[in-house]
Amino acid sequence: MADFYDELGRIAERGLGLWESPSVAIGVTRGGETVFSGAFGQRDAERGLAADSQTLYQIASCTKAFTATLAATLVDEGRLDWDAPVREYLPEVRFYDDYATRTVCMRDLLSHRTGLPRHEYSWYGTTYSREDIVNNLRYLEPNRPPRTTFQYNNQCYVLAGRVLERLSGESFEELLRTRILEPLGMSRTCFFIEDLEEDGNRAVGYGRPDGSDPVHGTTAVPYYRSVVESRQEGVGSPFAPAGCLSSCIDDLLVWARFHLGDTTEADRILSERALATLHAPQMLLDEPLDMPQPETAFHCYGLGWFVESYRGRTLIHHSGNIDGFSSFVGLVPELDLGVVACTNMNGSLLHVALAHEVFDHHLGTEGGDWVGRYHDYAVEKGERDRGRVSRLTGERAPGTKPSHALADYAGTYARPGYQPVSVALEGDALHLSFNGWRAPLRHFSYDTFIFDGVLGELPPGIPAHFHLAETGGAVDGLALPLHAEPDTDLVRFARLR
């Protein structure tokens, strides 16, 4: 066993170089005992500080399993029904269409089957509160009927958190602290960015200088923080139920053992039936969100967890990604095995690759070359994403110019559910501002311009299509490709002034 984890260290060090990443931390529990807990590389590259199993990383969407577990505690108490319409608990909630408003339930929210595409930029980078995000659901267009398609969606987890708050009369943060974190002794897991910033053993987040290159270059990035969040006022992050937590490997091992049924507190927190419901498939996926691989099959989503077959065994897992950080929690119940991993590199898959090396070891197989395969997949995906950007812009008509003077494009563009887009003429160039980000626009073809820089998580080259009024031909609209999923419409904004 020791020989394998010595080798895992060498694989991790190779991976850090290959991915040009600062650090990766990993923990393994089997049979209720910690088999390995440690880290490789630096939590702060500028100051040369090493990472360890107590280093805090943001775990992003791995928070979703905590939210689903909280919901299960209320189901156990008879205060929540998985399948009752959400509006029975929050009568003010409205979706874009009436059928969804009347029927969407907690099970739908937590298994990503509401018919809503991500609409990511209706919350990410905004100044919206938790209440605003829930209220704005009525303005966000679906592109599928409810319960027909898996569509990952963060706002629906925010709504789930609001249901829990309404039923309990407590904040999401207080619920999570008293019902899960404290009983499990997860003392280093925290909610607020201030808690993370004040901790003496925290990781600095890093990203890529070039948003179109997923594996080269390293630059420090600030922690993602909503202007609404305030520890002093007791106001948590608006998207907290979808991804607010920061944690360390040692705490996440406790979390893994809880879900494997290996903690004495498990029965006091949650019934065996409720735990089984969380881990049971609720929605089929057409294809995995992760790297396609012959080792996996039957891709599903439970409640806060992905569920699939891995080399013939059930694998329950979830990943997380937020500015500067990526995380992973994976469980193989048949082996009583849990693997947790974190890295302080935005969008990295190194930690997932190392987790797969651990799975294979305990399954008695080898030769997966997961670090190399995930690296190659990331490079190929980057190339596909660049191709997607080209497809979004369309063909460039040579020799064209804008139909109006550049000053005519300047103004404010708005639509319900999103914050306004501002376009300004500075010197001889247009600049677009949205959700606190700013990027110059470069003319591409006719009335299409492209971002000459990164806007949020959008790579360079994303188009901004200006529309003209049918009567008079004035610039009266703007359309942006803000959805990551295929078969979704452009997000259209109308000019205000």
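Residues are numbered from 1 along each chain as its sequence is written. Because the model is predicted, local features need pLDDT of at least 70 and side-chain atom pairs count only at pLDDT 80 or more, while totals for chains, interfaces and linings use all residues; side-chain values use heavy atoms, with hydrogens and water left out.

Let's start with the sheet. Nine strands make up an open sheet, ordered β3-β2-β1-β13-β12-β11-β10-β9-β8, with antiparallel pairing. Here, strands are DSSP runs of E with at least two residues, helices are runs of H or I with at least four, and both are numbered from the N terminus. Two strands pair if DSSP finds at least two bridges between them. At the edges you will find β3 (49-50) and β8 (283-284), each of which pairs on one side only. Strands of a sheet pair through backbone hydrogen bonds, either parallel or antiparallel.

Follow β1 (residues 23-30) next: seven bridges join it to β13 (residues 337-343), and the two run antiparallel. Within this pairing, I26 stands opposite A341. Helix α1 (residues 2-19) packs on the sheet and touches β1 and β2 (33-44), where contact means heavy atoms within 4.5 Å. The direction of α1 makes about 25 degrees with that of β2; axes are lines fitted to C-alpha atoms, for helices over the stretch in contact, and angles run from 0 to 180 degrees between N-to-C directions.

Eight of its eight residues are buried, so β12 is largely enclosed by the rest of the structure. Buried means under 20% relative accessible area, exposed over 50% and partly exposed in between, with a 1.4 Å probe and protein chains only. F325, S327, V329 and L331 point one way from β12, while S326, F328, G330 and V332 point the other way. On one side, seven bridges join β12 to β11 (residues 313-322), with H317 partnered to G330. The β11–β12 hairpin has two residues between its strands, and G324 in the turn has a positive phi of about 90 degrees. β12 also pairs with β13 over seven bridges, and S327 stands opposite C342 there. Four residues separate β12 and β13 in their hairpin, where D336 takes a positive phi near 50 degrees.

Burial also marks helix α10 (residues 249-259): 10 of its 11 residues are buried, so the helix is largely enclosed by the rest of the structure. Among them are W255, R257 and F258. After α10 comes G261, with a positive phi near 80 degrees.

Now for the rings. The structure holds 29 aromatic pairs. Rings of Phe, Tyr and Trp (its six-membered ring) pair if their centres lie within 6.5 Å; planes under 30 degrees apart count as stacked, over 60 as edge-to-face and the rest as tilted. Why is the pair of Y121 and Y124 edge-to-face? Their planes are at 70 degrees, with the ring centres 5.9 Å apart, so the pair is edge-to-face. Both residues are buried. Y418 and F493 form another edge-to-face pair, at 5.9 Å centre to centre and 85 degrees between the planes. Y418 lies in the loop between β14 (411-414) and β15 (421-426) and F493 in β21 (residues 491-495), so the pair ties together parts 75 residues apart in sequence.
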